[in-house]
Amino acid sequence: MTSFNLSVIILTYNEEQHLERCISSVRDIATNVYVIDCFSTDHTSEIAISLGAQVYENRWVNYATQFNWALDNLPISTKWILRLDADEVVTDDLKLELKTRLHSLPDDISGIHIKRRMVFMDKWIRHGDMYPVFMLRLFRTGIGRCEMRWMDEHIKISHGTTVAFEHDIVDHNLNNLTWWIAKHNSYATREAVDLLNVNYNFIKYDEVEPDLRGSQA
């Protein structure tokens, strides 16, 4: 196995349906794969360990808190960190791009925007501003943090510039439509928390400054 000075962080809770596919898509490019699990009741942890990932457990508050906990507590020694969801995969084209470009980026490049390809009910959603969506998913260790939001959280970099890569991460969740409806109901609740917090400041709030000319963040 050849690694490219890259650690992958995956947050999980009951992801046995997706996790093998996810980890397998990065095993040949990642120095380490870290799975931060919220005490799953299925075989998520066993699958991760069987595929060579390192598993840590931490209680869930929200995505931002969990991801930043990982940044603060994992023994990461690589130059780069990739944020990946359990229902996502890195395409072969993106892996080749990482292999050929990552090592030669200048030192002032601190983050990399990657295109997300959304697949819903096994169909790629190409239209309606759903593709391409560029997301900052890859960043230099020690420079990136997750903004403290309950919904639509993004990675922020403390300094340096960013570059966009050409190829995709594929978001392909295999759950049924009932699961999707429940997911978007929870999104509505999380969005309400963020909106209320703007007025009442009851939790620490930290976000990317909006820019209509900028990226998805």
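Contact here means heavy atoms within 4.5 Å. The model is predicted, so to speak of local features takes a pLDDT of at least 70, side-chain atom pairs count only at pLDDT 80 or more, and totals for chains, interfaces and linings use all residues. Residues are numbered from 1 along each chain as its sequence is written, and side-chain values use heavy atoms, with hydrogens and water left out.

Start with Asn-58, found in the loop between β3 (54-57) and α3 (63-73); helices (H or I, at least four residues) and strands (E, at least two) are DSSP runs, numbered from the N terminus. Asn-58 has a relative accessible area of 17%, and buried means under 20% (1.4 Å probe, protein chains only), so Asn-58 counts as buried. Setting aside neighbours within four places in sequence, Asn-58 touches Ile-36, Asp-37, Cys-38, Phe-39, Gln-66 and Trp-69. With Cys-38, 20 residues apart along the chain, the C-alpha separation is 5.4 Å.

Now for the nonpolar cores, each a set of buried Ala, Val, Leu, Ile, Met, Phe, Trp, Tyr and Cys residues joined through side-chain atoms within 4.5 Å. The largest has 30 residues, and Val-8, Ile-10, Ile-23, Leu-82 and Leu-138 have the most contacts inside it. Elements giving two or more residues to this core include β1, α1, β2 (32-37) and α2 (44-50). A second, separate core of 16 residues includes Ile-36, Tyr-63, Phe-139 and Cys-146. As for Ile-10, its contacts beyond four places in sequence include Leu-19, Ile-23, Val-33 and Ile-36. In soluble globular proteins, nonpolar side chains tend to be buried together.

Definitions and conventions: Buried means under 20% relative accessible area, exposed over 50%, partly exposed in between (1.4 Å probe, protein chains only).
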